[in-house]
Amino acid sequence: MASRNRPVFVAERVARPGCITGETPVWEPDRSRVTWVDAPGLALYRMTYPNGVMQRFDLPVKIGALAIRAGGGFIASTERGFATLTLEDDAVQLDYAGGPNLEPGWRMNDGACDRQGRFWSGSMAPDTSAPGAFGTLFSIGQRAEIVEKGGRFRTQNGLAWSPDGSSMYVSDSNPLNPHVMRHDFDTETGEIGAGHLFADHATLGGRPDGAAMDIDGCYWIAASDSGRILRMTPAGVIDAEIRVDVPNATNMCFIGKDLKTAFITSLRAGGSGPGGDVYAVDLPFQGLAEPLFQPE
């Protein structure tokens with residue numbers, strides 16, 4: 001564990017969408033807008049910042065994650081696989097990419113783009129505690145090529161890549177074995193290399209959920225159940241934390257013209273507990289601009 005003297009930042013609530021599970025916020029710098037989803041609530045939200053004007057859109061399927069798509073719109077991971085998502089006439093349009101083919105009740109969960117613009121997400125079973133209920137990672141790249149990348153996850157989360165792309169971080173937030181792995185990563189081929197345990201529940205004091213990367217190569221991970229987001233150096237040292245006033249922060253992204261504001265989503269424990277709103281806090285650390293999904 002890191003020193004007790006690490007800086008602590010307190011995030012303030014900036015909107016009350018009341019999500020069941022707010023997730024995967026992404027920042028659109030050209031529009032000063034952040035977009036996120038509520039998978040069980042079948043909703044997508046977007047909000048301009050800092051004026052706080054928020055819109056809600058109904059979703060036809062559960063969406064686990066978003067990334068901004070070069071040329072406009074988003075790439076999404078859904079219960080029907082990967083899809084291009086656009087907003088037309090204040091309605092959501094989804095165009096499915098043809099896979100991966102998921103079993104009934106399964107869906108895709110957390111996702112992010114690697115530094116080369118391939119979008120990644122992991123599959124998740126409807127009952128993650130069942131024997132053998134392990135998902136795997138998939139990527140979609142140029143020409144909509146979908147590749148199974150392996151792994152063994154009950155509740156895959158926390159995808160992020162180091163600034164040079166040579167390390168991939170991925171978490172499993174399931175209570176049966178919550179942990180974060182750090183893997184070598186081949187930026188040219190997109191192959192996952194050797195990995196080691198980067199953090200576990202004892203290190204974090206909570207279950208690792210969504211994550212973001214800053215320009216210093218530090219990994220920001222939501223420590224679910226603890227009301228905190230933790231900054232971890234590449235050496236695995238916790239050197240700063242953000243606190244929210246609910247137990248379950250789920251994910252964050254860096255927003256603002258200088259990428260020095262953390263925007264944080266949260267969930268309502270059990271679907272009815274405290275949480276589900278969004279938070280923000282200014283930081284002395286600068287986020288890393290996330291790559292666009294490159295479909296061509």
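In which strand does asparagine 109 lie? Asparagine 109 belongs to strand E11, residues 107-113, where strands (E, at least two residues) are DSSP runs numbered from the N terminus. The model is predicted, so local features need pLDDT of at least 70 and side-chain atom pairs count only at pLDDT 80 or more, while totals for chains, interfaces and linings use all residues. Residues are numbered from 1 along each chain as its sequence is written, and side-chain values use heavy atoms, with hydrogens and water left out.

**Asparagine 109**
- With 10% relative accessibility, asparagine 109 counts as buried, a term that means under 20% relative accessible area with a 1.4 Å probe and protein chains only.
- Its side chain reaches the backbone oxygen of glutamine 156 at 2.7 Å.
- Among the residues that asparagine 109 touches, leaving out those up to four places away in sequence, are Ser77, Ser121 and Thr155; contact means heavy atoms within 4.5 Å.

**Open sheet**
- Four strands form an open sheet in the order E2-E25-E24-E23 with antiparallel pairing, where two strands pair if DSSP finds at least two bridges between them.
- Strand E2 (12-15) and E23 stand at the edges with a single partner strand each, so one side of each has no neighbour in the sheet.
- Antiparallel E24 and E25 are joined by four bridges.

Technical notes: Buried < 20%, exposed > 50% of the residue type's maximum accessible area, 1.4 Å probe, protein only. Polar contact = N/O pair within 3.5 Å; in protein donor to acceptor, adjacent residues only side chain to side chain.
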